[in-house]
Amino acid sequence: MEILYFLVCVGASILGAISGIGGGVIIKPTLDAMGTMNVSAISFLSGCTVLGMTSMTLYRNSKAGIRPQKRRGTYLAIGAALGGLLGKQLFDWVKIVSGNPQIAGAVQSFVLALVTFGVLIFTIQKSKIKPYNIENMTVSLVIGFFLGALSSFLGIGGGPINLMVLYLFFGLNSKEAAINSIYIILFSQGISVIQTILKGVPEFVWLAFVMMVAGGLVGGTVGPIISKRLSLKGVDKIYICMVVGIILISIYNGVNYLGVL
C-alpha cells in the first residue's frame, strides 16, 4: 500500500508543480477515495507531502532563475499563513460540532467540489474576463488570508482557486500564477502542519509518511523540468483536466463519507 501512496504523491506532485495547484488537491481526495486512513491522518500526511513538493519546486525553479514576485507574492504568502491558522480551526470546529469525522470529511469533499466547479466555470469564461492588477499590499494580505483559510480548511494546500485569484486580481498568466501559487501554498500549508504538530499529531504509519514525502520531493524535482518544456496552452490543458478530475472524485468521496455508496 505504501508503494501506491508513493506513486500517487509522485504523480500528483508533478502535476501540481506544473500547474501550480500544489498536489494536495489531488492527494487528499485520492486517499479519501482509497479509504485506508482517517480524515485527520490524510490531511496531515498530505500537508507534509505538499511541504516537501513546494520546497523542492521553489528550489528547482530558483536555480533556473524562475522566482515568485517578491513583493506581492510575499504579502499574499504572509496572508495565506495567517489564514491557514483560521482554516485549521474551522475544520476542527466542524469535527467537534458534527461529532463524526466522516461528516467532517463529507463537508470537506462537497465544499472542494463546489469551489472547484466554480473555478472550472471561471476558467472556461476566462478569455471574456478582464483581470485587475492590484498593487495595494493590504488588499494582497486580505486575499492571501482568504486563500490560506480556504486551502487549510480543505486540507489541500492551495488548489485551483489560487490560480483563478492570481489571474483575476493580479493579471498573471498560467506559468506566472503557478510559481506564485506554489509560494503561497508553502506558507499556508507550513503553518497548518506546524499547528497540527503543536496540538497533537494524528496516528499514522511512519512508512506511509516517508513514502509520501519522498513522492512529494520527487514530484517537486521532476515537475519544474517538465514545466519548462510546456507552452502556456499545454499548462492550461493539464490544469483543466485536473480540475474536472478533482470535481468528480470529490463528489464521489462526499457521497461515500455519508454512507450512500
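**Aromatic pairs and a buried serine**

Colleague: How many aromatic pairs does the count come to?

Modeller: This is a predicted model, in which local features need pLDDT of at least 70 and side-chain atom pairs count only at pLDDT 80 or more, while totals for chains, interfaces and linings use all residues. Residues are numbered from 1 along each chain as its sequence is written, and side-chain values use heavy atoms, with hydrogens and water left out. With rings of Phe, Tyr and Trp (its six-membered ring) paired if their centres lie within 6.5 Å, the count comes to 8 aromatic pairs.

Colleague: Is the pair of Phe122 and Tyr167 stacked or edge-to-face?

Modeller: Planes under 30 degrees apart count as stacked, over 60 as edge-to-face and the rest as tilted. The ring centres of Phe122 and Tyr167 are 6.1 Å apart and their planes stand at 65°, so this pair is edge-to-face.

Colleague: Why does this pair tie together parts that are apart in sequence, and how many residues separate them?

Modeller: Helices are DSSP runs (H or I, at least four residues) numbered from the N terminus. Phe122 belongs to helix H5 (residues 101-124) and Tyr167 to helix H7 (residues 160-170), so the parts tied together are apart in sequence by 45 residues.

Colleague: Is Ser109 buried or exposed?

Modeller: Ser109 is placed in helix H5. Leaving aside residues up to four places away in sequence, Ser109 touches (heavy atoms within 4.5 Å) Asp32, Ser250, Asn253, Gly254 and Tyr257. Relative accessible area under 20% means buried, over 50% exposed and in between partly exposed (1.4 Å probe, protein chains only). Because its relative accessibility is 4%, Ser109 counts as buried.

How values were computed. Helix = DSSP H or I, 4+ residues; strand = E, 2+ residues; numbered from the N terminus.
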